[in-house]
Amino acid sequence: MNYSVVLASASPRRTMLLDQMGIAHSVKPVDIDESALANETPEAQVARLAEQKAKTALARLHDEDALNENTRVLASDTLIAFNGVSLGKPEDKEDARRILSMLSNNEHEVLTAISVASTTKQVTQTITTKVTFAALTNDEIDAYWDTGEPADKAGSYAIQGIGGQFVKAINGSASAVVGLPLYETRQLLREFGVV
């Protein structure tokens with residue numbers, strides 16, 4: 001059977017990773033409120049957001065009469081957690097300095113949830129990768145901020161960009177840190193008959 005995969009994300013990195021896997025897909029980004037709920041753990045939040053993105057994209061496809069039993073929606077969300085607290089995108093330079101100072105010379109977790117939905121079922125999985133940062137000076141943090149890269153990144157850094165030079169070690173899925181765990185995504189899509 002021929003399935004159509006819809007990526008519910010505007011992330012060029014996730015598109016690139018799906019292309020790297022050889023999975024043909026279309027892109028249908030969705031905007032949802034990504035705020036944490038009261039007393040929500042980072043693990044619960046990232047799974048909920050991936051699930052909600054997939055459900056939202058499925059509903060939009062239905063409304064546009066573009067949904068059928070062969071449609072598979074893939075959504076993903078990534079959060080940075082440090083000491084059990086989710087670190088979002090920095091509000092400004094001072095906030096980025098605060099976040100990167102916390103991560104400096106410490107280990108944190110990158111949580112990436114993937115969710116695949118069809119007209120009959122939805123399955124979500126969360127992958128945890130531990131990332132260890134080198135010690136950063138205030139000058140290094142300020143210089144990194146000035147590149148513009150940290151401004152819209154969870155945890156104030158991009159491992160696939162300039163921020164990768166601060167990463168001493170990765171324990172887990174490197175592609176999950178970029179935004180889409182290749183192995184787990186393939187397994188989940190296989191469960192839905194895609195690969």
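## Briefing on salt bridges, strands and helix packing

Asp 65 is located in the loop that connects H2 and E3; helices (H or I, at least four residues) and strands (E, at least two) are DSSP runs, numbered from the N terminus. The model is predicted, so local features need pLDDT of at least 70 and side-chain atom pairs count only at pLDDT 80 or more, while totals for chains, interfaces and linings use all residues. Residues are numbered from 1 along each chain as its sequence is written, and side-chain values use heavy atoms, with hydrogens and water left out. The points below cover salt bridges, strand pairing, helix packing and selected residues.

**Salt bridges**

- Side chains of opposite charge can pair when their charged atoms come close.
- The structure contains 10 salt bridges, each defined as a side-chain nitrogen of Lys or Arg within 4 Å of a carboxyl oxygen of Asp or Glu.
- One of them joins Glu 34 to Lys 53, with 3.5 Å between the closest N and O atoms.
- Glu 34 belongs to the loop between strand E2 (25-27) and helix H2 (42-63), whereas Lys 53 belongs to helix H2, so this pair ties together parts that are 19 residues apart in sequence.
- Glu 34 is partly exposed, at a relative accessible area of 39%, and Lys 53 is buried, at 7%; buried means under 20% relative accessible area, exposed over 50%, and partly exposed in between (1.4 Å probe, protein chains only).
- Another salt bridge pairs Arg 97 with Glu 94, whose closest N and O atoms are 2.8 Å apart.
- Both Arg 97 and Glu 94 sit in helix H3 (residues 93-103), where a separation of three residues is about one turn of the helix.
- Glu 191 and Lys 121 form a further salt bridge, with the closest N and O atoms 3.7 Å apart.
- This pair links distant parts of the chain, 70 residues apart: Glu 191 is in helix H6 (residues 182-191), and Lys 121 is in the loop between strand E5 (107-117) and strand E6 (122-133).
- Glu 191 is partly exposed, with a relative accessibility of 46%, and Lys 121 is partly exposed as well, with a relative accessible area of 36%.

**Strand E5 and its partners**

- Nine of the 11 residues of E5 are buried, and the strand is thus described as mostly covered.
- E5 pairs with strand E3 (residues 71-82) in the antiparallel sense over nine bridges; two strands pair if DSSP finds at least two bridges between them.
- Asp 77 has Ala 113 in E5 as its bridge partner.
- E5 and E6 also run antiparallel and are joined by 11 bridges.
- Thr 132 in E6 stands opposite Glu 107.
- E5 and E6 are connected by a hairpin through four residues.

**Packing of H3 and H4**

- H3 packs with helix H4 (residues 138-146) at an angle of about 130°, and their axes are 10 Å apart; axes are lines fitted to C-alpha atoms, for helices over the stretch in contact, and angles run from 0 to 180 degrees between N-to-C directions.
- The two helices, H3 and H4, are therefore oblique to each other, given that angles under 35 degrees count as roughly parallel, over 145 as roughly antiparallel, 65 to 115 as roughly perpendicular and the rest as oblique.
- Residues of H3 in the contact include Arg 97 and Leu 100, and those of H4 include Ile 141 and Trp 145; contact means heavy atoms within 4.5 Å.

**Selected residues**

- Gln 45, in helix H2, is buried, with a relative accessible area of 5%.
- Apart from neighbours within four places in sequence, the contacts of Gln 45 are Glu 34, Ser 35, Ala 36, Glu 40, Leu 79 and Ser 86.
- Gln 122, in strand E6, is partly exposed, with a relative accessible area of 28%.
- Gln 122 and Ala 54 are separated by 68 residues in sequence and by 8.5 Å in space, C-alpha to C-alpha.
- Leaving aside neighbours within four places in sequence, Gln 122 is in contact with several residues, among them Glu 51, Ala 54, Ser 115 and Phe 192.
- Asp 65 has a phi near 55°, a positive value in a residue other than glycine, and is exposed at 72% relative accessibility.
- Ser 156, in the loop between H4 and strand E7 (167-171), has a positive phi near 65°, likewise in a residue other than glycine.
- Ser 156 is buried, with a relative accessible area of 0%.
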